[in-house]
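Take a look at it before reading on.

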Amino acid sequence: MTSKKKVLLVEDHAVTRVGVKHVVNASNDFEVVGEAEHSSQIIGLLSETKPDFVLLDLRIPGENVLNMVKDWKKDLPQLKVVTLTMLDEQPIVHSAIEAGVDGYLLKSDDLSSLTKNLNEIAAGKTVYSKNLKLSFNRKPQDGKVANKKEKQILTLLGHGKTYQEIGTEIGLSKRTVEYHVGRLKDRFNAKTVAELIGRAKEQMLI
């Protein structure tokens, strides 16, 4: 008998965890081997359980989990990371794709299709919720997508760095950093840096 593929479930709502775990464990192909409800628990559980899949809610307490995906895959090259989230905004979807997720599923999807989707992902496909397909060919909403340099600036702003410190760290002049921040404020319709950081966090850009 083929052993089941191991799933690490990252979800901070207990009721949702119970429901998803029941669906996964009822299948012939998958079993939940660990559960995390805070980002700080994930690394330890990855090391302990060596899962084949991480089933990931994006808005859990702690750090932005999308920033961690590449490191997880570096440590576990065969790992598949699949979101299971309520967040369907295009900038967040794009951030997840850029981070390297293997599937983007929504909690609004029929849970009975979950293990079918996981099997397709296990076979090498990238699977997106059907509810996302209609909007995939559109431009990201309001242009709220940051390039790599802008993401670095946003992240460092979020860490409380000054324009001068940011410029030194990423090799730009203070004036260039100010220019980028000004453009980002315009794009996110933010009047202050604090407002900009808050909106970037809402979009899972930092």
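What follows is a short tour, grouped by topic.

This is a predicted model, in which local features need pLDDT of at least 70 and side-chain atom pairs count only at pLDDT 80 or more, while totals for chains, interfaces and linings use all residues. Residues are numbered from 1 along each chain as its sequence is written, and side-chain values use heavy atoms, with hydrogens and water left out. Helices (H or I, at least four residues) and strands (E, at least two) are DSSP runs, numbered from the N terminus.

**The annotated domain**

- UniProt, in an unreviewed entry, places the feature "domain: Response regulatory" at residues 6-122. The positions are given in the numbering used here, the feature names are shortened, and such annotations may be inferred rather than shown by experiment.
- That span, residues 6-122, is 39% helix and 22% strand, and its end C-alpha atoms lie 11 Å apart.

**The sheet**

- Six strands make up an open sheet with parallel pairing, in the order β2-β1-β3-β4-β5-β6. Two strands pair if DSSP finds at least two bridges between them.
- At the edges sit β2 (30-36) and β6 (127-128), each of which pairs on one side only.
- Strand β4 (residues 80-85) pairs with β3 in the parallel sense, over four bridges.
- To get from β3 to β4, the chain passes through helix α3 (residues 69-75) in a right-handed β-α-β crossover. Right-handed here means that, with the strands pointing away from the viewer, the path from the first strand over the helix to the second runs clockwise.
- β4 also pairs with β5 in the parallel sense, again over four bridges, and T85 stands opposite L106 in β5. Helix α4 (residues 90-99) carries the chain from β4 to β5, and this β-α-β crossover is right-handed too.
- Helix α5 (residues 114-122) lies across β1 (5-10), β2, β3, β4, β5 (103-106) and β6, running at about 135 degrees to β3. For that angle, axes are lines fitted to C-alpha atoms, for helices over the stretch in contact, and angles run from 0 to 180 degrees between N-to-C directions.

**An aromatic pair**

- Search the whole structure and you find one aromatic pair: F30 and F53 sit edge-to-face, 5.6 Å centre to centre with 85 degrees between the planes.
- F30 lies in strand β2 and F53 in strand β3, so the pair ties together parts that are 23 residues apart in sequence.
- Both F30 and F53 are buried.
- As for the cut-offs, rings of Phe, Tyr and Trp (its six-membered ring) pair if their centres lie within 6.5 Å; planes under 30 degrees apart count as stacked, over 60 as edge-to-face and the rest as tilted.

**Buried helix residues**

- I92 lies in helix α4 and is buried, with a relative accessible area of 0%. Not counting residues up to four places away in sequence, I92 touches L58, R59, L66, L87, Y104, E202, Q203 and M204. Contact means heavy atoms within 4.5 Å.
- I92 and L205 are 113 residues apart along the chain, yet their C-alpha atoms are separated by 7.2 Å.
- Over in helix α9 you'll find L184, which is buried with a relative accessible area of 0%. With residues up to four places away in sequence not counted, L184 touches E150, L154 and L196.
- H180 is found in helix α9 and counts as buried at 15% relative accessibility. Leaving aside neighbours within four places in sequence, H180 is in contact with E150, I153 and L172.

**Two loop residues with positive phi**

- K50 has a positive phi of about 45 degrees although it is not a glycine. K50 lies in the loop between α2 (42-49) and β3 (53-56) and, at 45% relative accessibility, counts as partly exposed.
- N189, not a glycine either, has a positive phi of about 55 degrees. N189 lies in the loop between α9 (174-187) and α10 (193-202).
- Is N189 buried or exposed? N189 is exposed, with a relative accessible area of 61%.

Notes:
Buried < 20%, exposed > 50% of the residue type's maximum accessible area, 1.4 Å probe, protein only.
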